[in-house]
Amino acid sequence: SMEDMKSDFKMKELDFKKIMENANEGMEKAKVELKGYQEMVYAMEAAGLLDTDGDYTIEYRDESISINGKKQSPAVTEKYKKYFKKDRVKIIKEDGEINIKHGSSNTHID
């Protein structure tokens, strides 16, 4: 009946709104995370740990940070670990492109 269709449509509209709210929330979290990584990379460059003009890899795993394959001291790890919200994060800059890998997922940024 027409009433059932209206009710069904309302439910779908509410589901869509919820999906969009969740997507927007996820995007906001990602923006905050990316801004933090950017801040961290510039701080690491200022400290002489890496050069943003070239390629680099930053890996955070098991509460330890490696930059370009070199494990960093506990003091360096302590200073920068606040930027990592998850364990097993790898930030790779290669040929001007940045990829961020969380565990097994992957975010690509040009």
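1. Asp 51 sits in the loop between H1 and E1; helices (H or I, at least four residues) and strands (E, at least two) are DSSP runs numbered from the N terminus. Its relative accessibility is 43%, so Asp 51 counts as partly exposed; buried is under 20% relative accessible area, exposed is over 50%, and partly exposed is in between (1.4 Å probe, protein chains only). From Asp 51 to Tyr 83 the C-alpha distance is 19 Å, at a sequence separation of 32 residues.

2. On provenance: this is a predicted model, in which local features need pLDDT of at least 70 and side-chain atom pairs count only at pLDDT 80 or more, while totals for chains, interfaces and linings use all residues. Residues are numbered from 1 along each chain as its sequence is written, and side-chain values use heavy atoms, with hydrogens and water left out.

3. Thr 52 belongs to the loop between helix H1 (2-46) and strand E1 (56-61). Thr 52 counts as buried because its relative accessibility is 18%. Not counting residues up to four places away in sequence, Thr 52 touches Val 41, Tyr 42, Glu 45 and Lys 93.

4. Asp 55, also placed in the loop between H1 and E1, is partly exposed at 48% relative accessibility.

5. Tyr 37 lies in helix H1 and is buried, its relative accessible area being 3%. Leaving aside neighbours within four places in sequence, Tyr 37 is in contact with Tyr 83, Phe 84, Val 89, Ile 91, Ile 100 and His 102.

6. The structure holds four salt bridges, each a side-chain nitrogen of Lys or Arg within 4 Å of a carboxyl oxygen of Asp or Glu. One of them joins Glu 25 and Lys 29 at 4.0 Å, N to O. These two are four residues apart in helix H1, so about one helical turn separates them. Glu 25 is partly exposed at 46%, and Lys 29 is exposed at 56%.

7. Another salt bridge links Lys 31 with Glu 28 at 3.5 Å, N to O; being three residues apart in helix H1, they are separated by about one helical turn. Lys 31 counts as exposed at 52% relative accessibility, and Glu 28 as partly exposed at 44%.

How values were computed
Contact = heavy atoms within 4.5 Å.
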